[in-house]
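User: I'm new to this one and would like a close look at a single part of it. Could you walk me through what you find?

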Amino acid sequence: MTTIIFLMLFLKIASDFTTAPGPRHISEGKFSGELFRRDVLLPMVRKAQSANEVLTVDLDGTSGYATSFLEESFGGLIREDDLPLESLNSILKFTSNEEPDLLAEIHHYMKEAETERKKRVGKK
Amino acid sequence: MITKFWSFVLFAAGVIVGFLIALPVIFFGTFTYKAEFTTGNITQACATILTGIFVAAYVQRIVQADRKEKDILLRHFDSILAGLEEFDETRVNGVVTEMSASLKRVKLASIAAVEILVHLKYPGDVIEQARFEQFINEINDLVTGTPVKAIEEHVSKVKMSAVVKDGISSLTSELKLLVDMKLQQLKIRVFKAQVVVNKSLSN
């Protein structure tokens, strides 16, 4: 009998980054989306990619997210770090009991960023 | 939930059914009334009175519990309105973290209100009246997607032509007005929900 073990990485923004997420850019204030993406999210995504694991991002426990924070963090992975949406979809999972509608919002930002990325790649 | 209307319907149906049952009894004269003070008669009368008292107390308890739950709901809507006032104050400072935190509190209160309504088995249209998440998300998008304060600060720092500066200023003013309008719409919706719940309380 073969046993398949699925490994999973877990990232809780409230405990691994901050309970009070801030604005979009580092220059705009503390705990920005840019800082979160650069220092926390991207390294975890790279780790998940190399180990072929699923990274679950838990959005609960914070004081609330600015739209710009979410867009910069997750849309930024595609737009700034040039990671295709397809590859992210297979390794990134989101969870939120407090605000389940955030999941659709994040997917929307990621789709928009992918359109932008494809346009840029097409131009090159 | 039994409303006043349904209580009346039940009562009317009970009277009609009782009358119909009594008709053959009266017609055939099966039972005749005999005023006798026997132990059995007195026990029966006591049992009937006690049952009546028990039923009345039970119904009153249910109605009171229902009223309490509705009072809690109305107070919950008040807290949503208070949260919106608090959010309005955070807009003055324009700190993204404060604004999003304040909106999240309002959103969680709104989600809880809907959960309570569902739990109390309110009709679908009442529950729909109390769904404010979409409005809150829209306001969050407007105030934290492109924060007005950040734009104004940026405009004051960077050198640009007066025409561009004026254009940006008018855009930020429009954005502020749009948020004001959305906020007002949301407050009106909360008021409406309060009225709908209050109306169902008086039914």
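Which residue forms a salt bridge with Asp58(A), and how far apart are the closest N and O atoms?

Analyst: Keep in mind that this is a predicted model. The partner of Asp58(A) is Lys12(A), and their closest N and O atoms are 3.2 Å apart. This pair links distant parts of the chain: Asp58(A) belongs to strand E2 (residues 54-58) of chain A, while Lys12(A) belongs to strand E1 (residues 8-12) of chain A, and 46 residues separate the two. Over all chains, the structure holds 22 salt bridges.

Now for the helices of chain A. Helix H2 (residues 33-51) of chain A packs against H3(A) at an angle of about 40 degrees, and their axes are 9 Å apart. That angle is why H2(A) counts as oblique to H3(A). The crossing of the two is right-handed. On the H2(A) side you'll find Gly33(A), Glu34(A), Phe36(A), Arg37(A), Leu41(A), Leu42(A) and Val45(A), and they meet Phe69(A), Glu72(A), Ser73(A), Phe74(A), Gly76(A) and Leu77(A) in H3(A). Sorted by type, the residues of this contact are seven nonpolar, three polar and three charged.

H3(A) also has contacts with another helix. The axes of helix H3 (residues 67-79) of chain A and helix H5 (residues 101-123) of chain A come within 8 Å and cross at roughly 45 degrees, so H3(A) is oblique to H5(A). This crossing is right-handed too. From H3(A), the residues in the contact include Leu70(A), Phe74(A) and Ile78(A), and from H5(A) they include Leu102(A), Tyr109(A), Met110(A) and Arg117(A).

In one of them, the side chains of Glu98(A) and Lys104(B) meet at 2.4 Å, N to O. As for the interface itself, 14 residues of chain B are in contact with 19 residues of chain A. The area buried between these chains is about 1,200 Å², with carbon and sulfur atoms giving 45% of it. Lys104(B) shows up again here: together with Thr97(B) and Lys107(B), this residue is among those in chain B that lose the most area to chain A, and the three make up 39% of what that side buries.

Technical notes. Residues numbered from 1 in each chain as written. Chains lettered and ligands numbered in written order. Predicted model: local features only at pLDDT ≥ 70, side-chain atom pairs only at ≥ 80, totals over all residues. Heavy atoms only, no water. Axes fitted to C-alpha atoms, helices over the stretch in contact; angles between N-to-C directions. Helix = DSSP H or I, 4+ residues; strand = E, 2+ residues; numbered from the N terminus. Parallel < 35°, antiparallel > 145°, perpendicular 65-115°, else oblique. Left-handed = near helix turned anticlockwise from the far one by under 90°. Contact = heavy atoms within 4.5 Å. Buried area = accessible area lost by both parts, 1.4 Å probe. Salt bridge = Lys/Arg side-chain N within 4 Å of Asp/Glu carboxyl O. Nonpolar A, V, L, I, M, F, W, Y, C, P; charged D, E, K, R; others polar.
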